[in-house]
Structures are given as structure tokens and as C-alpha cells.
Amino acid sequence: MMVLILMVGIFQSWNIALSIFNLCLISAVMTMGANIQWGYAGLINFGIMGYTALGGLAAVLISVDPVQEAWRAGGFDILMSLWLIVVMVLVIRFVLKRFEKSKIRTYSIAAIIISGILLIRFSSEPGIEAIEAVDPAKTGFLGGFGLPIIFSWIVGALFAGGLAFIVGKVALGLRADYLAIATLLISEIVIAIIKHEDWLTRGVKNVIGLKRPAPYEVDLQTTDWFINLVEKFNSGKLSVIENLADKQAALNQLVIEGSSVFVKLCYSGLFLVVVIILLILTQKALYSPWGRMMRAIRDNEEAANAMGKNVVKQHLLIFILGSAIVGIAGAMLVTQDGLFTPGSYRPMRYTFLIWVMVIVGGSGNNFGAILGGFVVWFLWIEAAPISLFLINFFTAGIPETNALKAHLIESVPYFRFLMMGLGLLFIMRYRPKGILPEKIEIK
Amino acid sequence: MDFVNAIILLLNYIFIPALTYGSQLALGAIFVTLIYGILRFANFATGDMMSFGTMATILFTWYFQSLGVSLGVLPTALLAIPFGIIFMILYMLLIDKFVFKYYRHQKSPPVQFAMVSIGVMFVTQAVVRIIIGPADRRFFDGEKFIIKAREFKEITGLNEGLALKSTQVITIFVTIVLVSLLFWFLNRTKTGKSMKAYSDNEDLALLSGIDPKKIVLVTWVIAGILATIGGALYGLDKSFKPFTYFNNMLPIFAAAIVGGIGNPFGAFLGGYVIAFSEILLTYAYKKFFMYILPESMEPNSLVQLLSTDYKFAVSFSILVIVLIYRPSGIFKGKVL
């Protein structure tokens with residue numbers, strides 16, 4: 001796998017190779033999250049997109065500076081609404097505890113929820129309008145806390161874990177394929193909220209120019225030690241050029257290229273640390289008594305239950321853990337892009353592709369998950385060049401003007417779907433346990 | 001007079017659009033429910049199969065248009081639908097033979113089927129996009145309106161117009177005919193009854209001499225008809241775009257589950273439940289109240305329960321609520 005990425009570096013460019021590598025690492029983290037749920041516990045979670053987006057939201061809320069004006073305009077109304085939500089939840093809890101289960105209780109809870117939603121909607125409306133009116137081209141939202149963006153990786157995990165707690169409480173009792181549908185739909189609801197609650201997330205207007213944990217290219221290009229470094233690296237290339245002006249121009253070009261490679265390398269380092277930490281933790285967990293218990297629950301729920309294991313609680317726990325890891329990946333993704341675009345969260349890319357990674361890599365095996373993330377993401381990116389090459393190869397005898405050939409070449413980007421689908425089908429059929437199957441050592 | 005105006009307003013903006021959208025969802029939902037009831041898996045390729053059928057219909061429509069064949073005031077697509085259906089059924093049988101059959105013989109768990117159907121989803125999506133491209137396409141021709149809003153106003157002298165698109169009438173009419181035929185088939189013919197028996201209890205059905213191969217074949221044929229017609233009607237009424245079809249899978253799932261999965265009649269009604277609740281909850285009632293309330297009580301705001309951005313979220317929330325409180329659906333489907 002590394003060889004393939006190195007080949008991209010040599011044949012296409014180091015920039016592309018590193019961006020593929022970084023996204024491979026992020027995909028690997030997402031896949032590990034999904035793998036914990038599916039491989040360890042047999043829980044099917046098609047809501048990965050929602051947790052990814054929540055992680056991204058955490059990155060925005062942590063790193064963006066607070067918009068003082070917006071807080072003054074509508075902060076009070078928003079805090080009031082939050083307070084109302086808390087009161088509503090407490091009232092519902094009180095009703096649930098105090099009264100016995102009956103039809104009247106169910107209806108009254110429904111009435112509390114509906115009237116609460118209406119109340120919140122009408123009380124928060126002026127505040128939301130005021131916030132969204134504050135310089136809408138630039139802000140129009142509350143902003144965040146102005147902390148370093150790295151913190152968002154942890155907060156993203158907390159957000160995603162919190163959502164997973166609610167979803168798990170609601171949906172975990174369902175049979176497998178219903179759980180899949182329910183989580184898929186809930187993640188769509190999450191995306192709808194993120195897209196349309198502009199006061200919180202700026203919605204489809206996107207948040208750009210987030211802070212970075214890595215230096216900026218522009219700064220690097222003017223830093224002495226970096227220019228010297230690039231000069232040292234390329235001394236062989238530079239010494240060939242005789243003319244001083246040409247040499248300076250070549251050096252400038254190299255510094256510009258080198259700066260973006262350097263920034264990407266910084267990200268790679270950070271991501272690699274996360275992947276390694278997660279790998280160590282998940283490996284430890286897999287071979288711990290807890291991991292054995294999860295496998296027992298997965299393979300025979302009733303037997304595990306009879307042995308005194310709390311299946312419901314463990315399912316909820318692992319659902320939260322896996323989702324939290326996906327949340328970290330979501331925050332990492334936004335950190336590396338430097339922008340948050342709620343419109344780009346689509347189930348194809350953020351849910352189903354991740355599942356292809358899990359299945360192809362090997363469910364239940366953490367190395368398999370990482371491998372799946374790398375292989376599938378690499379193919380996803382390089383599918384277009386590969387299929388272009390194949391089309392040209394097989395239609396070499398046909399003239400360029402042929403309508404069929406032109407049409408095929410035009411639709412090259414869609415061959416990646418075909419590749420993914422066929423790959424998934426073949427793996428499911430001939431190697432149902434994935435490339436690296438689950439290995440359980442019995443000691 | 002104001003009262004009549006208010007009624008017409010609701011008819012025009014809520015009732016007729018919801019009925020049309022509901023019919024399109026209902027066809028898809030019956031497709032999902034049949035596959036679930038008889039082949040026993042949640043088909044994640046639903047939306048893309050519908051877009052495949054629609055694509056075949058569009059290709060035939062273009063072919064007929066190039067030949068100069070048309071149906072006059074009716075859209076040419078109606079003529080192309082039967083050919084589209086044949087293509088769709090062939091594609092489905094091909095997929096069944098190479099993909100699903102193996103897992104059926106292995107008696108794989110439903111989750112594995114669902115995963116496999118995701119593979120089929122990817123492949124179908126690729127095939128559709130490679131053949132026809134991802135663009136938004138309109139393939140409607142013929143007369144667009146039966147009654148135009150302006151004409152209606154002139155005839156009746158009311159303030160509110162009632163526009164009736166021909167695609168809406170075609171959708172509702174075709175749905176009624178198709179669904180009645182389907183229920184007649186399921187309830188009255190021998191094959192239909194044996195399908196129901198197979199869905200209820202596979203082993204008993206096999207013991208009583210029902211041929212599983214035939215059941216599977218008939219199921220795919222019906223599924224092909226439903227998918228193509230449902231997809232083509234949606235495409236005629238709105239427009240054809242592969243991505244929209246993929247997204248439509250979600251409300252269709254919601255409709256099938258709300259109605260009680262495995263129960264075709266429930267799925268049929270579920271389509272309307274979803275469509276009506278989506279539109280009722282996101283419609284701004286300001287104008288309606290302006291007609292029926294005296295002037296002094298007229299509302300200032302839009303009187304909209306939820307903004308239209310949350311249209312999809314409404315149907316998903318309904319689904320989640322149903323899943324929690326009544327997982328077998330409103331009209332008792334399979335108990336989960």
C-alpha cells in the first residue's frame with residue numbers, strides 16, 4: 001500500500017500523494033470506529049455521516065472566534081431556548097418517574113414535547129433572526145470559543161458520543177437491518193439540522209478559513225530556515241543551473257511546492273499519532289476480557305445474557321465508543337480541509353464508502369480496518385485515472401471521434417462507483433471475512 | 001366565498017401535490033415491502049433500481065421521439081414505460097442470478113443481504129451515470145396542464161386558482177390501476193396466494209409444494225414493474241436526476257416501515273402518510289388563515305410549523321417514532 005502511494009508521489013506529484021495519504025489516515029480512523037461497532041459487537045451503524053458531521057461541527061465551534069455582536073444580538077434568546085430545552089427534558093423525566101405507565105402518560109408526554117417545541121420555536125425566532133442578520137456575508141452565526149482547533153478532536157468525540165448515546169437509547173433494540181435504516185435516517189436528520197440552523201453552523205454558507213494546527217504556506221515561504229532546508233534538499237538540482245536569476249526563480253518555485261508538502265507532512269504526523277494511539281487502544285481492548293465478552297455477545301447474545309453479561313449496556317457502550325472515534329475523524333477532516341461545508345456530507349461518501357472499507361479490510365480486525373481505509377480510499381481517488389487508462393487501452397483501435405469512446409471517456413468519474421460496487425460484491429462472495437480476517441488467539 | 005377560496009388553496013398547495021407525491025412513494029414502498037416480505041432483506045438499492053428503470057424509459061422515449069411517434073396530448077414516456085419495464089426486469093433477474101441467488105442458497109442472515117444490496121447500489125449507480133450521465137433531465141412532452149390556475153380563476157370567479165398538471169392526474173390514475181391490479185393478483189390468483197404463503201412461512205409453503213424459484217421470479221417481475229412505473233412517474237412529474245432518486249430511497253423506506261414492512265397495503269397507505277405529513281407540517285398557513293379568520297385575527301407570521309428545509313426530516317422523525325413505539329408499523333407487518 002505504501003508503495004502505491006509512493007508511486008503516486010513519483011509519477012503524479014508529492015502533493016497529491018500526501019493528500020491521498022492524509023485522507024487515507026482519516027478514513028482509517030473512521031473505519032476503526034465502524035469496525036469497533038460491527039466487528040467487535042455486530043452492531044450495524046449506517047449513521048457514520050452524522051457523527052462525521054458532528055465532529056466537523058465541533059471543529060468549527062471550538063476554533064472560530066466568538067462573534068461578539070451576534071452574542072449581543074441574540075445570545076440571550078438562544079440561552080433562553082437552551083434553558084427551555086433543559087426544563088422540558090427535566091419535566092419529561094419527572095413525569096416518567098412519577099406516574100405509572102398508561103395511555104394518559106404517553107399522551108401527556110407527547111403534548112409536553114409538542115408544546116415545548118412550539119414554545120421554543122416562537123421564543124427563539126427573533127434571536128435567530130437577529131443573529132443571522134449580523135454581517136451575513138461574513139458571520140451571521142454565534143461563532144465558537146476561539147480555542148486551538150486540536151481540542152476539537154476530543155470535543156468532536158464527545159459530541160458524537162453524546163449523539164450516539166441518544167440514538168443508542170432509542171434504536172439499539174431494533175433488529176439489525178432496522179437499526180441500519182434507523183441510523184441512516186437519523187444521520188440525515190442531523191445533517192438537515194446542521195445545514196439549516198444557520199445561527200449555529202452558518203449552514204450551507206459554509207465556514208471557511210478555520211485555524212490550523214500547522215503553519216501556513218505563506219509564512220513558511222518567507223521563513224529563512226525553511227528556505228535553507230529546501231535549498232539543502234535540492235542542492236543537486238540547483239547546482240546544475242548556472243544563471244543566478246534562474247537559480248533564484250527555481251528556488252522560489254521549489255519553496256512554494258515544498259511549503260505545501262511540508263504543511264501536509266505536519267498533518268500526516270498529527271494524524272499518524274492519532275491512528276497509532278487508537279490502534280494500540282483498540283488492540284488492547286480486543287484482547288482484553290472486555291473484548292472477549294463483546295465477541296461472546298456478538299456470537300450468541302442469549303448465552304452471554306445468561307452468563308450475567310448486561311447485553312443492552314455493553315451494546316450502548318460500544319455504540320458510543322465507535323461513534324466517538326468517527327467523531328474524531330470528522331474533526332480531523334475539517335481540520336485538514338480548513339473549512340466546514342455541511343452541503344458536502346452525503347451518505348454515499350461518508351456512510352457507504354466507509355462500510356465498503358470495513359467489509360473489504362476485514363471486520364473485527366483493526367489492521368484490516370486500517371488496510372481497508374487505505375486501499376479503498378486510494379482506489380476511490382485513483383479510479384478515474386485507472387479507468388481512463390483502461391478505456392484508452394481497450395479502445396485503442398477506435399478513432400478518437402467515435403461517439404461511444406468519447407462518451408466513455410466523459411463518464412470516467414463514475415467508474416469509481418462501479419469499482420467500489422464490484423469490489424464489495426467480489427469480497428462478499430469470495431472472501432466474506434475481508435482481506436485480513438479476524439484472528440482470535442485462544443490462549 | 002372566502003371559505004371556498006381557503007378550500008381551493010389547500011387543494012392546490014397541499015392535497016393534490018401530496019396525493020401525487022404519495023402515489024410515487026407508495027409504488028416504491030410496495031416494491032421495498034415485497035422484496036422484504038418474500039426475499040427477506042432490506043434493499044438498499046431501491047432508489048437506484050428505480051433510476052435504472054426510469055433511465056431505460058427515457059432512452060426509449062428519446063428513441064420514439066426520434067422516430068416521430070407520439071401520443072398526442074399524452075407524454076411519449078407512457079409508450080416507453082413497457083419497454084423500460086422489460087429492461088428493468090432483465091437487469092433485476094441478472095443481478096439476482098449473479099448476486100442474490102448465492103446468498104439465498106447459503107441462507108445468509110438479512111444483514112449480509114443488506115450489505116450485498118449496497119454493492120448492487122454502487123454498481124447500479126455507476127451504470128446509470130455512465131449510460132445517461134448525472135445531469136438533471138426532463139423527458140416530459142405533450143400537454144402540460146389540464147386546468148391552468150388562471151383559467152380556473154376566470155371560470156369560477158374565485159381569487160384562488162387551482163392548477164392541475166396532467167402528470168399529477170396520470171400519476172394518480174396509473175397508481176390506482178396498478179395497485180388494484182396488484183392486490184387482485186396477490187389476493188385472488190393462485191400465484192399471488194402462494195407468494196403470501198411463502199412470505200408468511202417459508203418452510204410450510206415449501207412443504208405444500210410451492211416452487212420457490214417461481215415465487216422469486218414473479219417477485220422480481222412485479223418489483224420491476226413497480227420500480228419502473230414509480231420511477232418514471234416521479235421523473236415525469238418532477239425531473240430525472242440519479243442523485244435525487246438515491247435520496248428518495250429514504251422516504252420510501254420510511255413509508256414501507258411506517259405502513260408495516262412486509263404488508264403491501266400498509267406500504268401503499270404509508271406512502272400517503274409520509275407525503276401528507278411532510279407537506280402538512282411544512283406548509284405556511286398564513287394565507288389560509290387570512291381567508292377563514294376575520295380580519296382582526298389575521299396572523300402576522302407565516303404560521304409554518306417547520307421550515308421547508310426540514311421536509312425530509314419530518315418523514316424520518318415519523319419513522320423513528322413509529323420504530324420506537326410500534327415497530328411492526330401502523331398496519332401490523334412482520335413483528336420485529
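Reader: Let's start with helix 11 of chain B. Which of its residues are buried?
Author: The buried ones in helix 11 of chain B are B:Pro264, B:Gly266, B:Ala267, B:Phe268, B:Leu269, B:Gly270, B:Gly271, B:Val273, B:Ile274, B:Ala275, B:Glu278 and B:Ile279. Buried means 20 or more other C-beta atoms within 10 Å of a residue's own, exposed means 12 or fewer, and partly exposed is in between, with C-beta atoms placed from the backbone. Keep in mind that this is a predicted model: local features need pLDDT of at least 70, side-chain atom pairs count only at pLDDT 80 or more, and totals for chains, interfaces and linings use all residues. Residues are numbered from 1 along each chain as its sequence is written, while chains are lettered from A and ligands numbered from 1 in the order in which they are written.

Reader: And what do those buried residues pack against?
Author: They pack against helix 1 (2–39), helix 6 (166–188), helix 10 (242–258) and helix 13 (311–325) of chain B. Helices here are DSSP runs (H or I, at least four residues), strands are E runs of at least two, and both are numbered from the N terminus. Contact means that the C-beta atoms of two residues, placed from the backbone, lie within 7 Å.

Reader: What span should helix 11 of chain B have?
Author: Its 19 residues (264–282) should span 27 Å, at 1.5 Å a residue, and the end C-alpha atoms are 28 Å apart, which agrees. The expected span is 1.5 Å times one less than the number of residues.

Reader: Switching topic: at what angle do helix 7 and helix 9 of chain B pack?
Author: About 105°, with the axes of helix 7 (residues 190–200) and helix 9 (residues 212–237) of chain B 10 Å apart. Axes are lines fitted to C-alpha atoms, for helices over the stretch in contact, and angles run from 0 to 180 degrees between N-to-C directions. The two helices are therefore roughly perpendicular, a label for 65 to 115 degrees; under 35 is roughly parallel, over 145 roughly antiparallel and the rest oblique.

Reader: Which residues meet there?
Author: From helix 7 of chain B, B:Thr191, B:Ser194, B:Met195 and B:Tyr198 meet B:Ile215, B:Val218 and B:Thr219 of helix 9 of chain B. That contact has four nonpolar, three polar and no charged residues. Nonpolar covers Ala, Val, Leu, Ile, Met, Phe, Trp, Tyr, Cys and Pro, charged covers Asp, Glu, Lys and Arg, and the others, Gly among them, are polar.

Reader: How many residues does each chain put into the contact between A and B?
Author: Chain B gives 36 residues and chain A gives 33. On the chain B side, the largest share, 14 residues, comes from helix 4. That side divides into 29 nonpolar, five polar and two charged residues.

Reader: What about phi at B:Lys107?
Author: Phi of B:Lys107 is positive, about 55°, although B:Lys107 is not a glycine. Most residues other than glycine have a negative phi. B:Lys107 is in the loop between helix 3 and helix 4 of chain B, and counts as exposed, with 7 C-beta neighbours inside 10 Å.

Reader: Now chain A. How many helices and strands?
Author: Chain A has 19 helices and zero strands. Of its 443 residues, 40% count as buried.

Reader: Which domains does chain A get?
Author: Domain 1 is 2–66 + 143–430 and domain 2 is 67–142, with bounds from an automatic or database domain assignment. Their C-alpha centres lie 34 Å apart, and seven residues of domain 1 of chain A are in contact with 13 residues of domain 2 of chain A.
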